[in-house]
Amino acid sequence: MRFQRRRVLVTGASRGLGRDIALRFAREGASVFVGYRQRREEAEECAARCAAFGSEARAIALELDNAASVRKSISGLPALDVLINNAATIRDQFFLMQSDADDAEVIAINLIGTMACTRAALPTMMRARSGAIVNVASVAGLHGSPGQASYSASKGGLIALTRTLARELAGQGIRVNAVAPGIFDAGMAQRMDHRARDSKIAELPMGRAGRSEELASAVAFLASEDASYITGQTLVVDGGMTA
């Protein structure tokens, strides 16, 4: 129960990896705010499952491509102890074939949206001189990923943002880290063409996709006091893909 009396916001938590991350924090005693963009019913279902563990939980709408809306939504919450920036979108297409609009949407949600959420959450963390932020990046931000130029750029940007904010905020008692997941049994990997997905899994040293609870464990570790001397790091959780 590492997160009793802690308030945690998980963005993009209506389904997939974000949902299982939210459930992990609830299981460890946290009050959880389930961030969502469009899937209200699924977010409310996730919040209900979180509340079943005995702590407060509710869904919160976040328009990540609208910084003013993000500030308004987060300012209405109790002071946060933990922020998990998980929300993301993807547009798979070779670079010359992808539109400027698709590029802009991916960068706006994945990178600028994360910056907006973080900026909105920081004032109360700074007043408390305490807090943990975990950004969900991707192995696509660490090595070449053909057909994912804008997604890779956004996730690489998250890793750079993590390092910079860690140095800026360490003196305020706030830690900032990231995870870089590979192929998992939930989330975006499930929307890949099954042949491409199976081929990538076959090449993994561990020979299988990750389980969502394995990523949730990594996120919870970085957000917990067990990682109290860790900041500015990117924990790769990929079954050996980038080894």
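This is a predicted model: local features need pLDDT of at least 70, side-chain atom pairs count only at pLDDT 80 or more; totals for chains, interfaces and linings use all residues.
1. Let's start with the largest nonpolar core, which has 35 residues. Val10, Phe25, Val32, Cys50, Ile84, Val179 and Val219 are the ones with the most contacts inside it. At least two residues of this core come from each of strands S1 (7-10), S2 (31-36), S4 (82-85) and S5 (131-136), and likewise from each of helices H1 (16-27), H2 (40-51) and H7 (212-223). H7 gives the largest share, with 7 residues. There is also a second, separate core of 29 residues, with Phe33, Leu111, Ile159 and Leu161 among them. As background, nonpolar side chains tend to be buried together in soluble globular proteins.

2. H7 deserves a look of its own. Its buried residues are Ser212, Leu215, Ala216, Ala218, Val219, Ala220, Leu222 and Ala223. Their packing partners are H1, S4 and S5, plus strand S6 (174-181) and strand S7 (234-237).

3. With 12 residues at 1.5 Å a residue, H7 should span 16 Å, and its end C-alpha atoms are 17 Å apart, so the two agree.

4. Most residues other than glycine have a negative phi. Arg5, in the segment before S1, has a positive phi near 65°. Arg129 sits in the loop between helix H4 (100-128) and S5, and its phi is also positive, at about 55°.

5. Are these arginines buried or exposed? Arg5 has 74% relative accessibility, and because exposed means over 50%, Arg5 counts as exposed. Arg129 has a relative accessible area of 48%, so Arg129 falls in the partly exposed class, between 20% and 50%.

6. Last, the second largest pocket. The space in this pocket is about 210 Å³, and its lining is made up of 14 residues. Nearest the centre of the pocket are Gly131, Gly173, Arg175, Glu225 and Ser228. By type, the lining divides into 5 nonpolar, 5 polar and 4 charged residues.

Note on methods. Residues are numbered from 1 along each chain as its sequence is written. Side-chain values use heavy atoms; hydrogens and water are left out. On a 1 Å grid over the protein atoms alone, a cavity is a set of points where a 1.4 Å probe fits but cannot get out, and a pocket is an open set with protein on both sides within 12 Å along at least five of seven lines; lining residues have an atom within 4 Å of a point. Grid points are joined across faces, edges and corners, and a volume is the space filled by probe spheres set on the points. Ala, Val, Leu, Ile, Met, Phe, Trp, Tyr, Cys and Pro count as nonpolar, Asp, Glu, Lys and Arg as charged, and the others, Gly among them, as polar. A nonpolar core is a set of buried Ala, Val, Leu, Ile, Met, Phe, Trp, Tyr and Cys residues joined through side-chain atoms within 4.5 Å. Buried means under 20% relative accessible area, exposed over 50%, partly exposed in between (1.4 Å probe, protein chains only). Helices (H or I, at least four residues) and strands (E, at least two) are DSSP runs, numbered from the N terminus. The expected span of a helix is 1.5 Å times one less than its number of residues. Contact means heavy atoms within 4.5 Å.
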